[in-house]
Amino acid sequence: MDAAEVRRVCLGFPGAYEDFPFGPESSVFKVQATGGKAKMFALCALAGMPLTISLKCEPELAQQLRAAHPQINGAWHMNKKHWNSVVLDDGLEDGLVRDLVEDSYDLVVASLPARDRESLAWKGLAGG
């Protein structure tokens with residue numbers, strides 16, 4: 001997965017937008033319902049080598065993913081219990097990366113107030 005695909009995937013969710021609070025080199029992908037508070041679900045230096053993205057993850061799953069994939073570790077400068085750093089190299093399938101981005105988005109949206117979840121037409125953690 002390349003930087004353009006990362007951006008496309010992250011911006012493909014309802015209410016998602018790109019922000020640069022840490023400077024132009026770090027894309028922060030956030031979700032915000034109309035009138036609601038914005039919350040980050042992904043952080044990526046799109047020009048970085050190797051291309052790496054930080055994503056929110058349930059703690060138990062985060063540990064399992066780290067054990068199964070050398071490209072996945074605790075995210076630098078983030079709460080490593082809840083955030084993974086994912087190196088986007090040829091060792092990970094694009095489908096897995098898309099699922100991880102979607103899981104991160106879902107975890108963040110799940111923490112929003114009900115009115116914000118409704119305005120985003122969010123289907124829930126199971127997608128249904």
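Figure 1. Lys30 is buried, with a relative accessible area of 17% (buried is under 20%, exposed over 50% and partly exposed in between, for a 1.4 Å probe and protein chains only). Please keep in mind that this is a predicted model, in which local features need pLDDT of at least 70 and side-chain atom pairs count only at pLDDT 80 or more, while totals for chains, interfaces and linings use all residues. Residues are numbered from 1 along each chain as its sequence is written, and side-chain values use heavy atoms, leaving out hydrogens and water. Asp19, at 26% relative accessibility, is partly exposed. A salt bridge joins Asp19 and Lys30, with the closest N and O atoms 3.0 Å apart (a side-chain nitrogen of Lys or Arg within 4 Å of a carboxyl oxygen of Asp or Glu). This pair links distant parts of the chain, with Asp19 in strand β1 and Lys30 in strand β2 (residues 27–31), 11 residues apart. Helices (H or I, at least four residues) and strands (E, at least two) are DSSP runs, numbered from the N terminus.

Figure 2. The side chains of Arg98 and Glu5 form a salt bridge, at 3.1 Å from N to O. Arg98 sits in helix α3 (residues 94–110) and Glu5 in helix α1 (residues 3–11), so 93 residues separate the pair, which links distant parts of the chain. How exposed are the two partners? Arg98 is partly exposed at 31% relative accessibility, whereas Glu5 is buried, with a relative accessible area of 17%. Elsewhere along α3, the buried residues include Val97, Val101, Tyr105 and Val109; Ser104 and Asp106 are also among those buried in this helix.

**Figure 3. Arg7 and Glu18 connect helix α1 with strand β1.** Here is another charged pair to look at: the side chains of Arg7 and Glu18 come together in a salt bridge, 2.8 Å from N to O. Because Arg7 belongs to helix α1 and Glu18 to strand β1 (residues 16–19), the pair ties together parts that are 11 residues apart in sequence. Arg7 itself is partly exposed, with a relative accessible area of 33%. In total, the structure holds four salt bridges.

Figure 4. Strands count as paired if DSSP finds at least two bridges between them. β3 and β4 run antiparallel, and three bridges join them. Which residue of β4 is the bridge partner of Leu43? That partner is Ser54. β4 also pairs with strand β6 (residues 83–87) in the antiparallel sense, over five bridges. In this pairing, Lys56 stands opposite Trp83 of β6.

**Figure 5. The largest pocket draws on β3 and β4.** The largest pocket is lined by 17 residues, with Ser26, Leu43, Ala45, Ser54 and Trp76 nearest its centre. β3 (39–44) and β4 (52–56) are the elements that give two or more residues to this lining. The space in the largest pocket comes to about 330 Å³. On a 1 Å grid over the protein atoms alone, a pocket is an open set of points with protein on both sides within 12 Å along at least five of seven lines, a cavity is a set where a 1.4 Å probe fits but cannot get out, and lining residues have an atom within 4 Å of a point. Points are joined across faces, edges and corners, and a volume is the space filled by probe spheres set on them.

Figure 6. How many cavities of 30 Å³ or more does a search of the whole structure find? The search finds one, and the largest cavity holds about 60 Å³ of space. Its lining is made up of Leu55, Lys56, Cys57, Leu65, Asn84, Val86, Leu100 and Asp103.

Figure 7. The peptide bond from Met49 to Pro50 is cis, with omega near 0°, and Pro50 is in the loop between β3 and β4. His77 is not a glycine, yet its phi is positive, at about 65°. You will find His77 in the loop between β5 (72–74) and β6, where His77 is exposed at 64% relative accessibility. Ala121 also has a positive phi, near 55°. Ala121 is in the segment after α4 (114–119) and is exposed, with a relative accessible area of 51%. Between Ala121 and Gly15 lie 106 residues of sequence separation and a C-alpha to C-alpha distance of 9.7 Å.
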